[in-house]
Amino acid sequence: MQMTSTKYYNTIAKEYDNHYNNGPFWNIYNEVTWHYLKNYLPKDKENSLILDAGGGTGIWSIRIAKEGYNVILTDISNGMLDIARQKIKNENLESKINIINADITNLNAFKNENFELSLAEGDPVSYCSNPQKAIAELSRVTKANGHITVSVDNKLHWASKFIKLGEIEKADEVLEKEISHMQTGVGNETYPAHMFTIEKLSDLFMQNKIEPVKSVGKPVFITPSDDLEDETVFNNSLALEIKYSSLPSVVGAGGHIALIGKKIK
Ligand SMILES: C[S@@+](CC[C@H](N)C(=O)[O-])C[C@H]1O[C@@H](n2cnc3c(N)ncnc32)[C@H](O)[C@@H]1O
């Protein structure tokens, strides 16, 4: 049975932070994201505006707003945005973060060159109906010389995962087709996801006036089933991920691929 990713995220919105923003694996994942992301925050905090597209429960909007920036958080799932709204209220950040329900493939709510930095972290470009349109929209709304970060599902990682499970037909589907069907964990339901290689995502960037400046595999060594609770193991694993995750020969080993680009004039 197939569901839309919007239905999936509406269904799991209340548990999302407990599952994806909790525990050592996801803490390392998020620290690697922040390690790179923070380098592309604009210098002028007062007069800059950041877009967190497909921002879900607001993890990056909140972290960036706490640094003093103004953020617009968009997502297609009202369930995820409701959780974000509550968290933003609890953190007293309502004056720093505006929430708008918007599909990443249609950012008509914003004029051209509106943002100094635009994020699409945690796969909204993989889950939307049309990744080409999403990248074109992220490019359109970002100012010249501003930055865009996009994190997507890695085709090679998923193919290798299915091969290890002996599910060769699924591995073949992931490698051959643009869209794969991801198991949701909600009954037998799946939802469609666009899988990427670093080359495919880089091409989409360049076709849309975005020059790739850094690619990152997230994560490249650790897996969700690793025992990372011990503080020394955690710190060493994080240090290794940070040291190697942007090495060009290692990026393709990541569960996710993050590409950071600069909008060309
Ligand atoms: C894995 S969550 C990531 C949320 C957040 N960016 C983070 O890093 O925690 C994926 C998010 O993409 C959103 N999404 C999926 N398709 C979308 C679309 N077409 N437009 C905007 N958001 C979308 C989902 O609703 C969900 O909140």
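In this predicted model, S139 touches I148, N208, K209, I210 and K263, leaving out residues up to four places away in sequence. S139 belongs to helix α6, which covers residues 131–141. Its relative accessible area is 5%; because buried means under 20%, S139 counts as buried. Between the C-alpha atoms of S139 and I76 there is a separation of 19 Å, and the two residues stand 63 residues apart along the chain.

When its neighbours within four places in sequence are set aside, S77 is in contact with T6, Y9 and N10.

**The ligand and its surroundings**

Which residues lie closest to the ligand? Of the 20 residues that surround the ligand, the closest are G54, D75, D103, I104 and E121. Sorted by class, this shell holds 11 nonpolar, 6 polar and 3 charged residues. The table lists polar contacts between protein atoms and the ligand.

| Residue and protein atom | Ligand atom | Distance |
|---|---|---|
| Y16, side-chain N or O | oxygen | 3.1 Å |
| I76, backbone N or O | nitrogen | 3.5 Å |
| E121, backbone N or O | nitrogen | 2.8 Å |

On its own the ligand has 600 Å² of accessible area, and the protein covers 96% of that area. Three elements, α1 (5–20), α3 (59–66) and α5 (124–127), each give two or more residues to the shell around the ligand. Among the contributors, α1 gives the most, with 3 residues.

In soluble globular proteins, nonpolar side chains tend to be buried together. The largest nonpolar core of this model has 50 residues, and the members that touch the most others are Y9, I64 and I97. Helix α2 (residues 23–37) supplies the largest share of this core, namely 8 residues.

What does I64 touch beyond its neighbours within four places in sequence? I64 is in contact with W34, L37, L41, I50, Y69, V71 and L119. Another core lies apart from the largest one; this other core has 26 residues, including I72, V141, V150 and L259.

How values were computed: Residues numbered from 1 in each chain as written. Predicted model: local features only at pLDDT ≥ 70, side-chain atom pairs only at ≥ 80, totals over all residues. Heavy atoms only, no water. Near = heavy atom within 4 Å. Polar contact = N/O pair within 3.5 Å; in protein donor to acceptor, adjacent residues only side chain to side chain. Areas by Shrake-Rupley, 256 points an atom, 1.4 Å probe, with all protein chains shown as cover. Helix = DSSP H or I, 4+ residues; strand = E, 2+ residues; numbered from the N terminus. Nonpolar A, V, L, I, M, F, W, Y, C, P; charged D, E, K, R; others polar. Core = buried A, V, L, I, M, F, W, Y, C linked by side-chain atoms within 4.5 Å. Buried < 20%, exposed > 50% of the residue type's maximum accessible area, 1.4 Å probe, protein only. Contact = heavy atoms within 4.5 Å.
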